[in-house]
Amino acid sequence: MEEKSKVGTGAAVGAVTGGVAGGAAAGAAVGGMTGPVGAAVGAAVGAAVGALAGKATKVDPVAEDSYWRDNFSTRPYASGSNYDQYGPAYMYGASAYEKYPGRSFDEVEPELGAGWSGSRGSSSLEWGNARHASRDAWQRLSDRVERAVPGDSDRDGK
């Protein structure tokens, strides 16, 4: 039920955004399709895009853990470390991405830093080191959304 709720929320947000922008675009593109018809077409397109975004932002902790377990050693900040130190930071960043939709890592980083000591589990990393892994996990999910949804959803120029 929770997944349907997130997809529904993504669809609703997409419908509103798409309804306004898409309505104007559809109205302009199809001469006589202005006003309510253009808005309805835009809302339908927006709902579809929003549903994709909702699915793309759903975090699968098992898949994220598996990905980072296989790839953490390639990260420059993890040189000579073991996964047990960085794993909690990756999961923290991934869950934060889902918790703060539509915000950038830089916007929420102070909150994440303040909450790290209560969330780090067995990791001995201080936030200054853990933040790199958390940012990587956040960016991986943000990039996944951008691949699923057209445009620059995280406003990073990519």
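Predicted model: local features only at pLDDT ≥ 70, side-chain atom pairs only at ≥ 80, totals over all residues.
**View 1**
In soluble globular proteins, nonpolar side chains tend to be buried together.

**View 1. Aromatic pairs of tyrosine rings.**
The model has 10 aromatic pairs. In one of them, Tyr 77 and Tyr 86 form a tilted pair, with 5.5 Å from centre to centre and 45° between the planes. Both Tyr 77 and Tyr 86 are buried. Tyr 83 and Tyr 90 form a stacked pair, with centres 6.3 Å apart and planes at 10°. This pair counts as stacked because its angle of 10° falls under the 30 degrees set for stacking. Tyr 83 and Tyr 90 are also both buried.

**View 2. A cluster of rings, with an arginine over one face.**
Tyr 67, Trp 68, Phe 72, Tyr 83 and Tyr 90 are linked into a cluster by ring pairs. Arg 140 lies over the face of Tyr 67, one of the cluster residues. The distance from Arg 140 to the ring centre of Tyr 67 is 3.6 Å.

**View 3. Helix H5 and its bend at Leu 112.**
H5 bends by about 40° at Leu 112. A straight helix of 15 residues would span 21 Å, whereas H5 spans only 17 Å between its end C-alpha atoms. Buried residues in H5 are Phe 105, Val 108, Glu 109, Leu 112 and Trp 116. Leaving out residues up to four places away in sequence, Leu 112 touches Tyr 92, Ala 96, Tyr 100, Phe 105 and Trp 127. H5 is followed by Gly 121, which has a positive phi near 60°.

**View 4. Ser 134, a buried residue in helix H6.**
Ser 134 lies in helix H6. Is Ser 134 buried or exposed? Ser 134 is buried because its relative accessible area is 0%, and buried means under 20%. Apart from neighbours within four places in sequence, Ser 134 is in contact with Ala 89, Tyr 92, Gly 93, Phe 105 and Trp 127. Among these, Tyr 92, Phe 105 and Trp 127 also touch Leu 112.

Key
Residues numbered from 1 in each chain as written. Heavy atoms only, no water. Phe/Tyr/Trp six-rings, centres within 6.5 Å; stacked < 30°, edge-to-face > 60°. Buried < 20%, exposed > 50% of the residue type's maximum accessible area, 1.4 Å probe, protein only. Lys NZ or Arg CZ within 6 Å of the ring centre and 35° of its normal. Contact = heavy atoms within 4.5 Å. Helix = DSSP H or I, 4+ residues; strand = E, 2+ residues; numbered from the N terminus. Expected span 1.5 Å × (residues − 1). Bend = angle between axes of the 7 residues up to and from the residue.
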